[in-house]
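Reader: I have a model open on my screen and would like to learn how to read it. Could you take me through a few features, one at a time?

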Amino acid sequence: MPAAKDATALVLDSLYCWLLPHANTPLAIMKIADIRATTVTIPLEAPLRHANGCHWGRFVRTIVEVEADNGLIGLGEMGGGGESAEAVFRALKTYLVGRDPTQLEEMRFLIANPTASLYNNRTQVLAALEFACLDLMGQHWRVPVHSILGGKLRDRVPFASYLFFRYANPANGKGEVRTAAQLVAQARELKERCGFTTHKIKGGVFHPDYELEVYRALAAEFPGDALRFDPNAVWSTEQAIRFGQAIEGLRNDYFEDPTFGLNGMRRTREMVRIPLATNTVVVGFEQLAANVLDTAVDVILLDTTFWGGIRACVKAAAICETFQLGVAVHSSGELGIQLATMLHLGAVIPNLSFAADAHYHHLTDDVIEGGLMPYQGGSIAVPQGAGLGVRLDREKLKLYSELYKKLGNYPYDQDPARPGWTPLVPNDRWADPTNSRPVHIPY
């Protein structure tokens with residue numbers, strides 16, 4: 001008499017009996033059934049100052065949902081929002097409903113044809129939809145997006161601290177960063193909390209001489225850590241050369257966008273012995289080709305939104321690998337959905353030369369289940385769930401949609417403490433580092 005099968009064997013037999021008739025059955029083709037867009041605003045720890053204005057204590061983002069006819073929902077995200085942004089996605093339903101979300105190249109030309117885009121640039125819209133369609137594909141095939149993109153080469157993606165000059169939080173008076181001591185304290189707190197070993201300053205707010213002293217103070221505080229400086233391209237070429245030469249002895253990863261335009265960057269590169277990086281003057285393939293033919297920039301900062309999706313960034317990274325240009329992942333003010341796209345990108349490109357950027361640690365909350373993704377050792381784990389590996393927290397989506405309706409948009413290119421101020425490029429209208437007056441903004 002044969003021995004009775006144990007529980008494990010019975011389970012395996014049952015699984016085999018289920019799999020056998022399905023072994024050669026192809027997955028059904030999905031069709032896009034609906035597209036929804038919801039604008040949210042998420043509070044920041046404090047308002048973030050930059051060369052062209054300020055983030056007024058919050059980020060405004062558009063959350064995109066692409067629903068398939070099988071009930072799966074893919075998630076996307078885009079910067080900015082409001083009725084006009086939501087209307088764009090509603091209008092694209094006539095383009096996309098009934099189409100196969102796996103046909104991403106078809107979708108690229110359908111909604112962002114390069115000549116048609118001269119009149120209606122939809123690159124960032126395309127990116128949000130691509131995120132959602134990749135998310136759908138991964139869920140449908142039960143694999144993470146990085147598997148669709150060729151497979152992950154790393155389990156975690158390192159990040160830089162991304163330090164800002166900040167106004168104090170209007171609600172509690174905390175969080176101001178205006179002096180060298182305050183910025184060093186911010187970096188120290190972030191290093192203790194998140195484990196960063198690379199530090200980036202977003203400059204261009206105060207006179208370059210003042211910011212030079214701040215940068216030197218940061219370098220002195222963390223002599224073993226890597227550094228980078230980004231004045232958002234508002235300096236003249238001459239200012240960029242002067243500042244760049246003054247920091248040549250520090251542990252610089254690179255000097256990011258010290259001036260605007262390929263020719264200004266090329267002139268700076270000729271005079272400064274630090275790699276130059278950009279997310280402003282090489283943000284498409286035509287500019288990348290021009291940079292390859294006559295190099296002005298050494299490190300290309302790939303943004304999954306600005307380039308039109310994760311796949312475009314993977315393609316650009318391959319070109320950079322061919323021509324031995326450095327690559328890093330850029331941040332454009334992400335919530336957890338776009339952060340997931342950055343993590344999948346960082347996981348699959350072999351030539352990720354530097355720590356990625358993220359504004360993420362300045363947020364107070366997120367719209368994804370589980371809240372903010374945790375940093376550990378200066379890095380974030382690559383999501384392993386199907387698709388992008390993140391899901392919406394519907395209660396948070398509702399909460400921060402209502403907060404957006406209450407507060408509305410804010411002028412990113414204006415400074416709440418400097419009414420009437422207009423930033424120039426190159427700039428000579430610097431903020432006053434001795435001015436400690438608080439700002440009064442909706443918060």
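Reader: Let me start with the sheet: how many strands form the open sheet, in what order, and is the pairing parallel or antiparallel?

Author: Strands of a sheet pair through backbone hydrogen bonds, either parallel or antiparallel. Here 3 strands form an open sheet in the order 1-4-5, with antiparallel pairing. At the edges are strand 1 (32–43) and strand 5 (73–79), each pairing on one side only. On average, neighbouring strands of this sheet are turned by 25° against each other, direction ignored. Two strands pair if DSSP finds at least two bridges between them. Helices (H or I, at least four residues) and strands (E, at least two) are DSSP runs, numbered from the N terminus.

Reader: Before we go on, what sort of model is this, and how are residues numbered?

Author: This is a predicted model, in which local features need pLDDT of at least 70 and side-chain atom pairs count only at pLDDT 80 or more, while totals for chains, interfaces and linings use all residues. Residues are numbered from 1 along each chain as its sequence is written, and side-chain values use heavy atoms, leaving out hydrogens and water.

Reader: How many bridges join strand 1 to strand 4?

Author: There are 11 bridges between strand 1 and strand 4 (residues 58–68), and the two run antiparallel. To find one of them, go to Ile-35, whose bridge partner in strand 4 is Val-66.

Reader: Which strands does helix 2 touch?

Author: Helix 2 (residues 83–91) packs on the sheet and touches strand 1, strand 4 and strand 5; contact means heavy atoms within 4.5 Å. Its direction makes about 165° with that of strand 1. Helix 5 (residues 123–141) also packs on the sheet, touching strand 1, strand 4 and strand 5, and its direction makes about 155° with that of strand 5. Axes are lines fitted to C-alpha atoms, for helices over the stretch in contact, and angles run from 0 to 180 degrees between N-to-C directions.

Reader: Now for charges: how many salt bridges does the structure hold?

Author: A salt bridge is a side-chain nitrogen of Lys or Arg within 4 Å of a carboxyl oxygen of Asp or Glu. The structure holds 33 of these salt bridges. One of them joins the side chains of Lys-93 and Asp-34 (3.0 Å, N to O). Lys-93 is in helix 3 (residues 93–96) and Asp-34 in strand 1, so this pair ties together parts 59 residues apart in sequence. A network of salt bridges links Lys-200, Lys-202, Arg-228, Asp-230, Asp-253, Glu-256 and Asp-357.

Reader: And the pair Arg-269 and Asp-298: is each residue buried or partly exposed?

Author: Buried means under 20% relative accessible area, exposed over 50%, and partly exposed in between (1.4 Å probe, protein chains only). Arg-269 is partly exposed at 33% relative accessibility, whereas Asp-298 is buried at 18%. In their salt bridge, the closest N and O atoms are 2.9 Å apart.

Reader: What should I look for in the backbone at Tyr-162?

Author: Look at phi: in Tyr-162 it is near 50°, a positive value in a residue other than glycine. Tyr-162 sits in the loop between strand 6 (156–158) and strand 7 (163–166), and is buried at 1% relative accessible area. For another backbone feature, see the cis peptide bond joining Val-425 and Pro-426, with omega about -5°.
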